[in-house]
Amino acid sequence: MSRLSLRGVGRSFDGVRGGAPTVALQPSTLDVASNDFITILGPSGCGKSTLLRIVAGLDAPSTGEVLLDGEAVRGPGAERGMVFQSYTLFPWLTVRENICFGLREKGLPAAQQAEIAQRFIAEVGLAGFESHHPKQLSGGMQQRVALARALANDPKILLLDEPFGALDNQTRALMQELLLSIWELHKKTVLFVTHDIDEAIFMANRCIVFSARPGRIKRELAIDLAYPRHYTLKTTPRFSELKAQLTEDIRTESLKTAQMER
Ligand code: ADP
């Protein structure tokens with residue numbers, strides 16, 4: 001059985017003042033196995049975030065259903081951890097308190113909360129920053145806290161929506177390596193939305209390409225590169241071949257979007 005199943009999941013939004021509805025996502029079907037690292041690539045506005053929000057239970061599909069370990073998703077849940085592009089930490093809480101947030105909600109004893117938080121603080125390389133507040137941290141560090149906060153709840157699946165999109169290239173590359181090492185260590189299942197082709201290839205074992213708006217899954221590309229992945233992979237011939245294929249796909253879809261907008 002798949003860890004996550006999307007069965008004809010589609011989403012339309014009502015039109016403004018009686019106008020035509022907006023189709024954000026055409027019915028899409030996808031099976032995600034345990035320990036898959038799936039990147040979702042597509043032009044902007046094609047429904048990537050909509051799909052992720054539906055899996056997170058932050059939005060409901062207009063058609064179809066989402067099953068997690070065979071159970072229908074009906075709302076948000078701790079077994080799905082989400083990291084967004086914009087910094088979503090609570091500014092009035094320290095690093096440690098932010099990471100403990102979900103654990104406290106669950107009612108875990110304080111000593112256990114502290115132990116779990118400390119483990120993930122170390123894993124994301126933030127030892128020494130436990131008592132800092134978000135505004136005292138760089139963007140990359142804030143995203144590491146967000147990642148630690150999601151992982152602390154021990155989710156079955158991690159949902160990441162352009163989590164490194166606001167970071168400079170160097171920090172972004174380091175964050176990709178950090179996430180990959182965490183994924184390999186904890187054997188998590190990951191759905192990762194990005195519009196960066198290099199990022200989509202470097203991290204994934206499967207890359208899903210969306211069509212132009214209104215989006216649907218256009219094709220899937222198996223990323224046949226061995227793990228663990230080292231940054232030098234980005235200069236290998238196979239990486240370039242995969243990049244050429246995806247660049248062609250995304251260009252075709254982006255052109256369609258541009259024509260629609262004209
Ligand atoms: P992506 O993440 O691929 O950039 P989104 O999933 O954010 O795309 O959006 C897909 C489409 O759905 C866009 O045309 C967007 O304007 C529309 N959309 C998203 N959310 C809403 C909403 N709450 N109400 C109306 N339209 C929406």
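This note goes through the sheets, the helices packed on them, the ligand site and some backbone details.

1. **Basis.** This is a predicted model: local features need pLDDT of at least 70, side-chain atom pairs count only at pLDDT 80 or more, and totals for chains, interfaces and linings use all residues. Residues are numbered from 1 along each chain as its sequence is written, and side-chain values use heavy atoms, with hydrogens and water left out.

2. Four strands form an open sheet in the order 2-1-4-5, and the pairing is antiparallel. Strand 2 (22-32) and strand 5 (71-72) are the edges; each has a single partner strand, so one side of each has no neighbour in the sheet. Helices (H or I, at least four residues) and strands (E, at least two) are DSSP runs, numbered from the N terminus. Two strands count as paired if DSSP finds at least two bridges between them.

3. Strand 1 (residues 4-13) pairs with strand 4 (residues 63-68) in the antiparallel sense, over five bridges. Gly-10 faces Thr-63 of strand 4.

4. Strand 9 (residues 206-210) pairs with strand 10 in the antiparallel sense over five bridges. Here Ile-208 stands opposite Glu-220 of strand 10.

5. **Helix 1.** Which strands does helix 1 lie across? Helix 1 (residues 48-56) lies across strand 1, strand 2 and strand 4, at about 120 degrees to strand 1. Contact means heavy atoms within 4.5 Å. Axes are lines fitted to C-alpha atoms, for helices over the stretch in contact, and angles run from 0 to 180 degrees between N-to-C directions.

6. **Ligand shell.** The residues around the ligand include Phe-13, Ala-24, Lys-48 and Arg-213, as well as Pro-43 and Ser-44. Helix 1 gives the largest share of the shell, three residues. By class, the shell has four nonpolar, five polar and two charged residues. Ala, Val, Leu, Ile, Met, Phe, Trp, Tyr, Cys and Pro count as nonpolar, Asp, Glu, Lys and Arg as charged, and the others, Gly among them, as polar.

7. A backbone N or O atom of Gly-45 lies 2.7 Å from a ligand oxygen atom. For Cys-46, a polar backbone atom is 3.0 Å from an oxygen atom of the ligand. Gly-47 also places a backbone N or O atom 3.0 Å from a ligand oxygen atom. Alone, the ligand exposes 570 Å², and the protein buries 60% of that. A polar contact is a pair of N or O atoms within 3.5 Å. Accessible areas come from the Shrake-Rupley method with a 1.4 Å probe.

8. **Backbone details to check.** Most residues other than glycine have a negative phi, and most peptide bonds are trans. Arg-213 and Pro-214 are joined by a cis peptide bond, with omega about -10 degrees. Pro-214 is in the loop between strand 9 and strand 10. The bond from Tyr-227 to Pro-228 is also cis, with omega near -5 degrees. Pro-228 lies in the loop between strand 10 and helix 7. Asn-35 is not a glycine, yet has a positive phi of about 75 degrees. Asn-35 sits in the loop between strand 2 and strand 3.

Key. A residue is near a molecule or strand if one of its heavy atoms lies within 4 Å of it. A polar contact is a pair of N or O atoms within 3.5 Å; within protein, one must be able to donate a hydrogen and the other to accept it, and residues adjacent in sequence count only if both atoms are side-chain atoms.
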